[in-house]
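Hello,

Here is the structure I said I would pass on. Please open it alongside this email, and then read my notes below.

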Amino acid sequence: MRLLPRDTKFFDLFAELSGNLTEGAKLLRSILADPRDLAMRVNQVQAIEHKGDKATHAIITKLNQSFITPFDREDIHRLASSLDDVLDFVNSAALRLVMYKIVTPPPVSAELAGLIVLQCEELAKGVSLLEKNGHVMDHCEEVNRLEDMADHVSRRAIADLFEHEKDPIQLIKLKELYEVLEYATDKAEDAANVLEAIVVKST
């Protein structure tokens, strides 16, 4: 028995969107770990974000054109929007590096981006299992666990920043970078919550 009726086009589009999400997060992590060719690579993140926008738009367009959908129309819209939100914050973090000329990001920023990558991978796995009645909840729980880890890392990083950073302008820049990265992990948790709701409604 399938958890959901078969409509491969929706599932294909969600797979594309979650793939863009993971690709963007991995590139952000790579940039924060080694910010060489910063402007060029941030442009690549923006290009991935634009691909994500197109995938989200394609899902909404198909939703408006479809009489029968694999799960609630509202949940399709919420899942597409929540996945796109994660990618938006990934892109925002990358843009902060250029806007604020952060040429040497602290290692903790790459650590936070690494947690975002893990969350995105779990979301992609969860989305891929929707059609097959797989263990979606396991991946949602892992996304939530990773968000808790990111909260601890972010709080520690901001505390260290206020303790050791003497330049107030640099402090403001880095604090905002940490917060945008932490917001991305929050948005990933929101997407996992949408996935959970879909599974609960379908069982």
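**A buried alanine to start**

Ala25 sits in helix H1, which covers residues 8–33. Keep in mind that this is a predicted model. Is Ala25 buried or exposed? Ala25 is buried, because its relative accessible area is 1%, and the cut-off for buried is under 20%. Beyond its neighbours within four places in sequence, Ala25 is in contact with Val90, Ile116, Val117 and Cys120. His164 is another matter. Ala25 and His164 are 139 residues apart along the chain, and their C-alpha atoms are separated by 28 Å.

**The chain as a whole**

The protein chain has 6 helices and 0 strands. Read from the N terminus, the order of elements is α-α-α-α-α-α. The C-alpha atoms fill a box of roughly 60 × 30 × 20 Å along the principal axes. The radius of gyration is 18 Å. A compact globule of 203 residues would have a value near 17 Å, so the two agree. Buried residues make up 49% of the 203 residues. Now take the contacts between residues at least 6 apart in sequence: 82% of them join residues at least 24 apart.

Two helix pairs are worth a look. Two packed helices are described by the angle between their axes and the distance between the axes.

Helix H4 spans 107–129, and helix H5 spans residues 136–164. H4 and H5 pack at an angle of about 170 degrees. Their axes are 9 Å apart. The pair is therefore roughly antiparallel, as angles over 145 degrees count that way. H4 passes H5 in a left-handed crossing. On the H4 side, the contact includes Val108, Leu112, Leu115, Leu118 and Leu123. On the H5 side, residues in the contact include Val136, Val143, Leu146, Val153 and Ser154. By class, the contact of H4 with H5 has 13 nonpolar, 4 polar and 6 charged residues.

Ser154 belongs to H5. With a relative accessibility of 6%, Ser154 counts as buried. Which residues does Ser154 contact, leaving aside neighbours within four places in sequence? They are Leu112, Tyr178 and Glu182.

Glu131 is in the loop between H4 and H5. Glu131 is buried, since its relative accessible area is 12% and the limit is 20%. Glu131 and Leu83 are 48 residues apart along the chain. Their C-alpha atoms are separated by 17 Å.

**H3 against H6**

The second pair is H3 and H6. Helix H3 runs over 73–99, and helix H6 over residues 168–202. H3 and H6 pack at an angle of about 165 degrees, with their axes 9 Å apart. That makes H3 roughly antiparallel to H6. The crossing of H3 and H6 is left-handed. By class, their contact has 16 nonpolar, 2 polar and 7 charged residues.

Val180 is found in H6. Val180 is buried, because its relative accessible area is 4%. Not counting residues up to four places away in sequence, Val180 touches Phe89, Ser92, Ala93 and Arg96. Val180 and Asn91 are 89 residues apart in sequence. In space, C-alpha to C-alpha, Val180 and Asn91 are 9.7 Å apart.

Most residues other than glycine have a negative phi.

Asp37 has a phi near 50 degrees, a positive value in a residue other than glycine. Where is Asp37? Asp37 lies in the loop between H1 and helix H2, which covers 38–65. Its relative accessibility is 55%, so Asp37 counts as exposed; the cut-off for exposed is over 50%.

Lys101 has a phi near 55 degrees, also positive and not a glycine. Lys101 is found in the loop between H3 and H4. Lys101 is exposed, because its relative accessible area is 65%.

Best wishes

Conventions
Residues are numbered from 1 along each chain as its sequence is written. This is a predicted model: local features need pLDDT of at least 70, side-chain atom pairs count only at pLDDT 80 or more; totals for chains, interfaces and linings use all residues. Side-chain values use heavy atoms; hydrogens and water are left out. Helices (H or I, at least four residues) and strands (E, at least two) are DSSP runs, numbered from the N terminus. Buried means under 20% relative accessible area, exposed over 50%, partly exposed in between (1.4 Å probe, protein chains only). Contact means heavy atoms within 4.5 Å. Axes are lines fitted to C-alpha atoms, for helices over the stretch in contact, and angles run from 0 to 180 degrees between N-to-C directions. Angles under 35 degrees count as roughly parallel, over 145 as roughly antiparallel, 65 to 115 as roughly perpendicular and the rest as oblique. A crossing is left-handed if the near helix is turned anticlockwise from the far one by less than a right angle, and right-handed if clockwise. Ala, Val, Leu, Ile, Met, Phe, Trp, Tyr, Cys and Pro count as nonpolar, Asp, Glu, Lys and Arg as charged, and the others, Gly among them, as polar. The radius of gyration is taken over C-alpha atoms; the globule rule is 2.2 Å times the number of residues to the power 0.38.
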